[in-house]
Amino acid sequence: MSPGPIFRRLFVANRGEVAVRIARACDALGITPVFGVSEADLEAPYLAGRERVVLGPGRAALSYLDMTRVVQAAKQSRCSALHPGWGFLSENPTFAALCEQHGITFVGPPARAMALMGRKTPAKDAMRSAGLTLIPGSDGVLRDSDAALEAAERTGYPVLFKAESGGGGRGMRIARSGDEVKSAFDDARAEATAAFGDPRVYMEKLLEGGRHVEIQLMADRYGDVIHVGERDCTVQRNHQKLIEESPSPVLSESERARTLAAAVHATRSIGYVGAGTMEFLMDEQGTLRFMEMNTRLQVEHPVSEMRSGLDLMREMILVAAGHRLSVEQEQVTLRGHAIECRINAEDPNEGFRPSPGAITRFVPPTGEGVRVDTHVASGYVVPPFYDSLIAKLIVHGRDRNEAIERAIGALESFVVEGVKTTIPMHLAVLRSSEFRDSRYDTRRIPGWPTSR
C-alpha cells in the first residue's frame with residue numbers, strides 16, 4: 001500500500017445494517033463516522049454513542065434521498081469524505097459530482113464511470129469492446145416500433161424491451177411474437193417515461209430461466225484491478241435476491257476463468273475506480289452473458305469477504321483516499337464455500353407481506369464460520385418506511401455441503417420474536433433436494449411452494 005493520509009471524519013449517507021458496516025470499517029481505520037439519519041431512525045440502537053445529524057422526516061425522499069440536505073449535513077459536520085453505501089444515492093452520478101463540487105470525497109467510482117454504466121446501451125458497447133459476451137439484441141436504442149419489429153424478427157422471439165435509463169424491473173415488456181411487438185414497445189416507452197423521465201428503450205433476446213451470476217471487482221486509481229471471484233444469486237423472488245453463494249455450483253472452470261479475466265480487463269478499460277459488480281445471466285449452454293454493472297458494493301459482498309479474507313469496505317475507503325489496492329490478483333486466495341441468507345421482516349407464508357413493528361427478542365447465532373451483519377437489537381422497532389432487511393446470515397464451510405449444514409444450524413438457533421421473518425423460508429430452501437442438487441433457475445424459489 002502506498003503511504004498517504006486517510007480521512008479523519010467520514011459521513012455515512014445511509015442507514016441500518018449498511019451504516020453499521022461502514023462504521024465498522026471506519027472504526028478499524030481510526031476514522032470518525034458521522035451518521036446522517038432520518039427522524040424515524042434517530043433512536044435506533046446502532047446510533048448509541050455515535051455522532052449523528054438529522055436529515056429530515058422518515059420518508060426517504062425527504063431525508064436519505066435529498067442530495068442537497070445530505071451534502072449540506074456532511075459539510076456542516078466537517079467530514080471530508082462521504083460513503084453512500086448501497087441503495088439510496090449510491091449510484092447517482094449527479095450526487096457524486098455534487099459531493100466533489102463541495103470538496104467532499106465520494107467513496108465510490110468517478111461520476112463519469114457511474115454515468116457510463118448507468119446508461120445501458122453505452123455500457124453494453126463498452127463491455128462488448130472489452131471482450132465480454134452479451135445477450136443478443138438491438139444495436140442500441142430503437143427509434144420506433146418499425147425498428148423494434150425489424151430487430152425482434154432478426155433476433156428471434158421471445159424478446160424483452162428494456163428502458164435505457166431503467167432499473168428495478170421497471171420499463172420492461174415482453175413480446176412473444178410479431179403481433180405483440182408494437183404494444184410491448186409502446187408500453188415499455190410509456191413506463192420508462194413515467195419512471196425515469198427517459199422514453200428510450202432497447203431490446204434483448206429474452207433468456208427465460210437461467211442462473212444469475214455476478215463478479216466482485218475492486219480497482220484503484222493507478223489502473224490496478226482485481227476480481228474476488230463470482231457469486232451465484234439465482235435464488236430470487238421478483239428480482240429480489242434471497243440467497244447468495246460462492247462459488248457458483250454450476251459454473252464450469254473454463255467459463256469461470258474466461259469471464260473473470262474479461263471482467264477485469266473491461267473494468268480497467270473504462271478507467272473504473274472503487275468497488276463494482278458485473279452481473280451476468282448464464283444461458284442453457286453455460287455461457288455467462290453480461291447484463292449490467294452495479295457501481296457500488298453489493299448487499300451480498302460478505303460472501304466474497306468470507307472466501308477471500310479481504311475487508312472490501314476497508315479496501316474501498318482506502319482506495320478513495322488515494323491508496324493502492326492492498327493486494328494483487330495473485331495474492332487473492334478464495335477458500336471453501338460461503339452462503340448468505342437475507343433475513344427480512346416479512347411473512348413468507350402470507351406472500352412475503354411486510355411485518356413491521358417491535359422486535360421483542362433478538363439473539364443472533366454465533367459459532368465457527370458464522371457471521372451476522374445487522375443493525376438490530378432486542379427492542380428495535382422495524383420502521384415502515386424502508387427495506388425490511390433486518391440481518392444477513394453469512395456462513396463459511398470447507399465445501400458446499402458443510403456450508404449448507406452450518407447455515408441450517410445457525411438459522412435454527414436464530415431467535416427473532418415480535419415480528420415475522422423469512423427464516424422459515426430459508427430453512428425450507430436449504431433443506432430441499434432442488435437446492436442441494438442445484439436444480440433450479442431464477443423463475444422460482446427451490447423448495448418453497450409458489451402458492452404461499
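What share of the contacts in the protein chain with a separation of 6 or more comes from residues 24 or more positions apart? Such residues account for 66% of these contacts, where contact means heavy atoms within 4.5 Å. This is a predicted model, in which local features need pLDDT of at least 70 and side-chain atom pairs count only at pLDDT 80 or more, while totals for chains, interfaces and linings use all residues. Residues are numbered from 1 along each chain as its sequence is written, and side-chain values use heavy atoms, with hydrogens and water left out.

**The whole chain**

- The protein chain holds 13 helices and 22 strands, which are DSSP runs numbered from the N terminus (helices: H or I, at least four residues; strands: E, at least two).
- Of its 452 residues, 56% count as buried, meaning under 20% relative accessible area, whereas exposed means over 50% and partly exposed lies in between (1.4 Å probe, protein chains only).

**Helix 7**

- Helix 7 (residues 181-196) has 16 residues and should span 22 Å at 1.5 Å a residue, which agrees with its end C-alpha atoms being 22 Å apart; the expected span is 1.5 Å times one less than the number of residues.
- Val181, Ala184, Phe185, Ala188 and Ala192 are buried in helix 7.
- These residues lie on the same side of helix 7 because they cover an arc of only 95° around the axis, taken from the directions from the helix axis to the C-beta atoms.
- The face turned away from that buried side carries the exposed residues Lys182 and Ala194.
- Among the elements covering the buried residues of helix 7 are helix 6 (145-155) and strand 8 (201-205).
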